[in-house]
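Please look over the sequence and the model below.

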Amino acid sequence: MAMFEYGVGGNEVKIDASEAIADIPFNRTLLVEKLTAEDPINPEKVEGLTTIEDVFQHFKPSIDVEFENEEGQDVKENFRFNSVADFLVKNMTQNSPFLKDLNSQKAFYEKTIKQLRSNKILQRALQSNDTKAAFIEALQGLLDELESYEVKSEES
């Protein structure tokens, strides 16, 4: 049996058309991303933005973030993004007073832990219950002094 069945008077028509959907060229980038906190009322098609910087300038992406501090109070901050680099943890920390403060506290605690682990004299002192109690008492006195200094500073 033949591959194609032609009737009387039929003519073969060769298909020389290509596919209707063209591939996106390799040197193009299509960026589809939600860059605003609110959903748009009517989605818009924006053309002519040829660089990432143009996209950031057009949409001005930002987001409100709510943190909770050690007292349980809410701390609200707004993050604005002007480039892809602003999404890096380092840059987000630099642009946020709350995160910057947390980062400095973290660095202080890490430095203190390192000092405590490497200080042989302190480690020997903490092995004895008497010297350990005296050390804790000295730290508590220092803490009380710092807290009284804070109260005096706030009253001024």
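**A walk through the predicted model**

At 45% relative accessibility, E110 is partly exposed; under 20% relative accessible area counts as buried, over 50% as exposed, and partly exposed lies in between (1.4 Å probe, protein chains only). E110 has a charged partner, K106, and their side chains meet in a salt bridge with 3.6 Å from N to O. Here a salt bridge is a side-chain nitrogen of Lys or Arg within 4 Å of a carboxyl oxygen of Asp or Glu. Both K106 and E110 belong to helix α3, where they are 4 residues apart, about one turn of the helix. K106 is also partly exposed, with a relative accessible area of 46%.

The model is predicted, and local features need pLDDT of at least 70, side-chain atom pairs count only at pLDDT 80 or more, and totals for chains, interfaces and linings use all residues. Residues are numbered from 1 along each chain as its sequence is written, and side-chain values use heavy atoms, with hydrogens and water left out.

The whole structure holds 2 salt bridges. K45 is exposed at 70% relative accessibility, and E47 is exposed at 59%. Side chains of opposite charge can pair when their charged atoms come close.

Next comes the fold. The protein has 5 helices and 2 strands, taken as DSSP runs numbered from the N terminus (helices H or I, at least four residues; strands E, at least two). Read from the N terminus, the order is α-β-β-α-α-α-α. Between α1 and β1 (62-68) runs a loop that holds K60. K60 has a positive phi of about 45 degrees although it is not a glycine. With a relative accessible area of 60%, K60 is exposed.

How much of the protein is buried? Of its 156 residues, 9% are buried. The protein exposes about 14,700 Å², and carbon and sulfur atoms supply 55% of that area (Shrake-Rupley method, 1.4 Å probe; for residues, only the protein chains shown count as cover). Of the contacts between residues at least 6 apart in sequence, 21% join residues at least 24 apart, where contact means heavy atoms within 4.5 Å.

F56, F67, F79, F81 and F98 make up the largest nonpolar core, which has 5 residues. Such a core is a set of buried Ala, Val, Leu, Ile, Met, Phe, Trp, Tyr and Cys residues joined through side-chain atoms within 4.5 Å. Leaving out residues up to four places away in sequence, F98 touches F67, E68, N69, V75 and E77. S96 sits in the loop between α2 and α3 (97-118). It is buried, with a relative accessible area of 0%. Apart from its neighbours within four places in sequence, S96 is in contact with F67, E77 and F79.

There are 5 aromatic pairs in the structure. One of them joins F56 and F87, whose ring centres are 6.3 Å apart and whose planes meet at 50 degrees, so the pair is tilted. The pair links distant parts of the chain, 31 residues apart: F56 lies in helix α1 (residues 52-59), and F87 in the loop between β2 (74-80) and α2 (89-94). Rings of Phe, Tyr and Trp (its six-membered ring) pair if their centres lie within 6.5 Å; planes under 30 degrees apart are stacked, over 60 edge-to-face and the rest tilted. F56 is buried at a relative accessible area of 9%, whereas F87 is partly exposed at 43%. Together with F81, F56 and F87 form one aromatic cluster.

The last stop is the surface. L126, F135, L139, L142 and L146 form a nonpolar patch there, with about 410 Å² of accessible area together. Patches are made of residues with over 30% relative accessible area and no salt bridge, like charges being joined within 9 Å and nonpolar side chains (Val, Leu, Ile, Met, Phe, Trp, Tyr) within 5 Å. Helix α5 (residues 129-155) gives the most to this patch, with 4 residues. L142 is found in helix α5. L142 is partly exposed, with a relative accessible area of 45%.
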